[in-house]
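The entries follow in the order I made them.

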Amino acid sequence: MFPDVVILAGGLGKRLKSVTGDSQKVLAKIGDRPFLEILIDYIASQGGKRFILCVGHGSDEVEAHFKNRYHDREIIFSREDSPLGTGGAIKQGSSHVKTENFLAMNGDCFCVIDYNRLIAFHQKHKAKATLAVTLMPDARDYGTIEIASNGTIDAFKEKQAVAQEAFINTGTYCFDRHAFSLVETPSKFSIEYDFFPHVVGKGFYAFEVENCFIDIGTPERYSWAQEHLKELRGK
């Protein structure tokens, strides 16, 4: 059975305000379709049926768009009363999860991933958490990840000033439903900074993705996404 999917859809999107104004960035249009709708449809094409949207900033707008949109899949909203950070939002969203494992991801990122292979990899290794990574030729804009020969994650590194090839986080994860019990966290925390570094050595694996990684976090990347997601816009 395809696991439940938790999607972050409540960020402020400050860097994209010149494009989106006050609208939630996950609803930024790619052609004539919201980015998050394209992402959900892509996951559903591989078997996704149950989606938990972590909403905060722009929650009314996101809920209005998705509330009764689909008849073949379930959409649940996990609303933040106050900002919880990426980790706090996913942790709260995971309380709605009914499957043993679940996928989690940023609602403003897209990577062509075989989700069923990711899930199978996670289950084969009995992982507590699996992070989908991709090799970036010039990783200066991103924090980077060091991976051991057995596929476990060794360390996370801050952005480097020198251009170099390195693995980066695609913003797509697979978790055991009890993964957040591995680390004591406050209600508000970052998944990237307050959780991931502390589960290194605790069944934390990297799953390599060789395909193109797109995020729409800046006007430049959003413009690039317009061109490279053409085939997924639909009619």
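Among contacts in the chain between residues at least 6 apart in sequence, what percentage join residues at least 24 apart? I read off 73%. I note here that the model is predicted.

Entry, whole chain. I looked up the secondary structure and found seven helices and 13 strands. I then checked burial: of the 235 residues in the chain, 53% are buried.

Entry, helix H3. I picked H3, residues 59–66, and asked which of its residues are buried. I listed Ser59, Val62, Glu63 and Phe66. Looking down the axis of H3, I found these buried residues within an arc of 95 degrees, so they line one face of the helix. I then turned to the face of H3 pointing away from the buried side, where I found the exposed residues Asp60 and Ala64.

Next I asked what covers the buried residues of H3. The cover includes helix H2 (35–44), along with strand S4 (50–55) and strand S5 (74–79).

Entry, cysteines. How many disulfides does the structure hold? I found zero. Cys111 has a relative accessible area of 3%, so I logged Cys111 as buried. Cys174 is at 0% relative accessibility and therefore also counts as buried.

Key
Residues numbered from 1 in each chain as written. Predicted model: local features only at pLDDT ≥ 70, side-chain atom pairs only at ≥ 80, totals over all residues. Heavy atoms only, no water. Buried < 20%, exposed > 50% of the residue type's maximum accessible area, 1.4 Å probe, protein only. Helix = DSSP H or I, 4+ residues; strand = E, 2+ residues; numbered from the N terminus. Arc of directions from axis to C-beta. Contact = heavy atoms within 4.5 Å. Disulfide = S-S within 2.5 Å.
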